[in-house]
Amino acid sequence: MSGIRLTGLHIYPVKSARGTSLTEAVAESRGLRFDRRWLIVGQDGEFVTQRTEPRLATLGVAVREDGGVTLSADGYEDLIVPIPAPGATRMPTVIWSDTVDAQIADGEANAWLSAWLGRPVWLARMPDDTARPTVLAPDVNVSFADGYPYLLCSEESLAALSQQAEAPIPIDRFRPNIVVAGAEAWAEEQWSHIRIGGVVFECMKPCARCVVVTTDQTSGIRSGTAVLEHIAALRGTPDGKVIFGVNAVKRSGALLKVGDAVVIEG
């Protein structure tokens with residue numbers, strides 16, 4: 001298979017908030033550098049995402065050189081949130097079946113987010129010493145992504161889905177880290193190892209999708225279940241899941257650049 005290229009790189013510094021598109025990125029074990037290292041947490045210690053708060057799609061996040069972030073939202077002054085100090089308060093934070101140790105941001109950040117969301121929340125950051133191994137690759141830790149450090153999607157699969165829907169579906173609905181073009185639709189589901197430029201990834205499994213794909217990532221407005229129904233028509237599974245894209249872990253290499261060649265190694 002030839003002619004496949006890397007066409008998109010995306011990070012989401014605060015999980016479920018607005019993402020950032022890049023022309024190059026450093027691929028680390030936990031994911032692209034700065035991807036999903038911050039998480040909004042409710043009073044019960046449970047993570048907060050677009051599943052219950054679709055307007056998070058409108059929360060602007062600019063990552064700073066040291067990994068801190070600047071938050072922005074309509075009607076609010078931008079807020080710089082520094083990385084918590086080493087001695088900052090830590091809090092057990094639940095994300096799916098994992099409970100991880102996270103640092104809590106300063107009080108101003110928590111007050112800003114609580115006012116914007118209209119309920120008490122905290123902003124938490126995963127420090128480098130926190131372990132959260134993935135299920136199928138327990139030697140690899142993941143940040144606050146749902147289950148794996150990388151999500152790869154294909155432009156051809158998106159085109160097939162848009163054809164099924166009889167309307168364009170934007171790639172940002174799927175919040176990928178890596179977007180490729182030049183393969184046949186759905187071919188990515190069969191890949192085991194790929195090399196993008198000088199970086200080798202192991203593809204672990206197809207990615208099951210949820211209600212987040214029904215949220216307009218510009219307006220934060222949810223639009224019914226049509227997108228999920230279209231995915232189900234093409235990639236539904238016997239156990240009722242709908243899949244789009246593949247989860248992956250990094251095995252070697254570091255620098256990714258849009259335009260890099262993609263080589264299927266297995």
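Q: Let's start with the helix: what covers the buried residues of H1?
A: Keep in mind that this is a predicted model. The cover over the buried residues of H1 includes strands S5 (38-42), S8 (69-73), S9 (76-81), S11 (98-104) and S12 (121-125).

Q: And which residues of H1 are buried?
A: In H1 (residues 107-117), they are Ala 109, Asn 110, Trp 112, Leu 113, Ser 114, Trp 116 and Leu 117. Just past the helix, look at Gly 118, with a positive phi of about 80 degrees.

Q: How do I read a nonpolar core?
A: In soluble globular proteins, nonpolar side chains tend to be buried together. Here, the largest nonpolar core has 23 residues, and Leu 32, Ile 178, Trp 191, Ile 196, Phe 201 and Leu 256 have the most contacts inside it. At least two of its residues come from each of S1 (5-11), S3, S13 (150-154), S14 (178-181), S15 (193-196), S16 (199-208) and S17 (243-252). Another core, of 21 residues, lies apart from that one, and Trp 112 is among its members, along with Ala 17, Val 48 and Ala 73.

Q: What does Leu 256 touch?
A: Leaving out residues up to four places away in sequence, its contacts include Leu 6, Leu 9, Ala 27, Leu 32, Ile 178 and Phe 201.

Q: How about sheets: in which order do the strands of the open sheet with S3 run?
A: The order is S4-S3-S18, with antiparallel pairing. S4 (31-32) and S18 (255-257) are the edge strands with a single partner each, so one side of each has no neighbour in the sheet. S3 (residues 24-28) pairs with S4 over two bridges, and Ala 27 sits opposite Leu 32 of S4.

Definitions and conventions:
Residues are numbered from 1 along each chain as its sequence is written. This is a predicted model: local features need pLDDT of at least 70, side-chain atom pairs count only at pLDDT 80 or more; totals for chains, interfaces and linings use all residues. Side-chain values use heavy atoms; hydrogens and water are left out. Two strands pair if DSSP finds at least two bridges between them. Helices (H or I, at least four residues) and strands (E, at least two) are DSSP runs, numbered from the N terminus. A nonpolar core is a set of buried Ala, Val, Leu, Ile, Met, Phe, Trp, Tyr and Cys residues joined through side-chain atoms within 4.5 Å. Buried means under 20% relative accessible area, exposed over 50%, partly exposed in between (1.4 Å probe, protein chains only). Contact means heavy atoms within 4.5 Å.
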